[in-house]
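I opened my notebook to look up a few things in this structure. Here is what I wrote down, one entry at a time.

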Amino acid sequence: MIVHHLGETPSILNRFVAELRDVNIQTDRMRFRRNLERIGEILCYEMSKTLHFEKRTVTTPLGEKQMQLPEDKVVICSILRAGLALHQGLMNFFDGADNAFISAYRKHTSETEFDILVEYLASPSLKDKILFLADPMLATGRSFVNVYEALEPLGKPKEIHLFAVIGAEEGVDYLKDKFPVDTHLWIATIDPKLNEKGYIIPGLGDAGDLAFGDKMQQ
């Protein structure tokens with residue numbers, strides 16, 4: 001897997017990540033969602049440089065101009081519900097893409113143990129498409145893996161690009177053995193560890209709750 005850790009290079013991206021983390025700012029749900037969306041746009045822009053482009057002629061009121069335009073067919077798949085704001089950021093740049101949605105959540109079996117359950121999927125065929133798979137928090141990595149396995153019957157994508165905002169080193173390492181070697185991970189920042197409950201430290205808390213409100217515990 002090829003990891004693109006954008007936070008290693010100082011940029012405006014770091015301001016948006018800092019606001020997501022800041023307990024004095026993250027209580028503003030609209031701002032939290034907007035920051036996830038903006039980070040999605042930045043990650044998507046950087047990723048777009050790796051796609052295939054073709055020359056096309058564009059007619060203007062005063063003439064014609066050849067432009068290099070993307071030719072790939074894209075499917076954006078987000079993990080519900082935390083991935084929705086990140087999904088919007090990706091879709092802002094790839095507004096002609098097909099869209100897919102899949103649920104994945106932690107079903108706790110004890111205080112520190114849990115399974116990842118996938119229960120809902122709506123997706124077009126992925127055969128020969130460019131698959132964008134988005135989830136803001138890459139903790140253990142198991143959600144990404146379980147979702148990828150659930151998508152396999154829908155066809156083999158031409159390329160796979162994973163998008164995350166904050167990850168843990170352990171989760172990133174876990175993905176490297178579970179996805180094809182040419183998979184790309186686009187991530188804003190990587191934190192050093194998980195706690196005993198599998199949450200990213202220092203992280204930012206529960207992205208889904210901060211974006212959309214508290215949920216009933218399963």
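Why does the distance between the end C-alpha atoms of helix α2 (residues 29-48) agree with its 20 residues? At 1.5 Å a residue (times one less than the number of residues), α2 should span 28 Å, and its end C-alpha atoms are 28 Å apart, so the two agree. Helices here are DSSP runs of H or I with at least four residues, strands are runs of E with at least two, and both are numbered from the N terminus.

A note on sources: this is a predicted model, where local features need pLDDT of at least 70, side-chain atom pairs count only at pLDDT 80 or more, and totals for chains, interfaces and linings use all residues. Residues are numbered from 1 along each chain as its sequence is written, and side-chain values use heavy atoms, leaving out hydrogens and water.

Next I looked at the start of α2. Asp28 caps its N-terminal end, with a side-chain oxygen 3.2 Å from the backbone nitrogen of Met30.

Then I checked burial (buried means under 20% relative accessible area, with a 1.4 Å probe and protein chains only). The buried residues of α2 include Phe32, Leu36, Ile39, Leu43 and Met47. Among them I also found Asn35, Glu37 and Glu41.

My last entry is on Ser78, which I found in strand β4 (residues 74-80). Is Ser78 buried or exposed? Ser78 counts as buried because its relative accessibility is 0%. I listed what Ser78 touches (heavy atoms within 4.5 Å), leaving out residues up to four places away in sequence: Gly83, His87, Ala100, Phe101, Ile102 and Ala134.

Methods:
Buried means under 20% relative accessible area, exposed over 50%, partly exposed in between (1.4 Å probe, protein chains only). A polar contact is a pair of N or O atoms within 3.5 Å; within protein, one must be able to donate a hydrogen and the other to accept it, and residues adjacent in sequence count only if both atoms are side-chain atoms.
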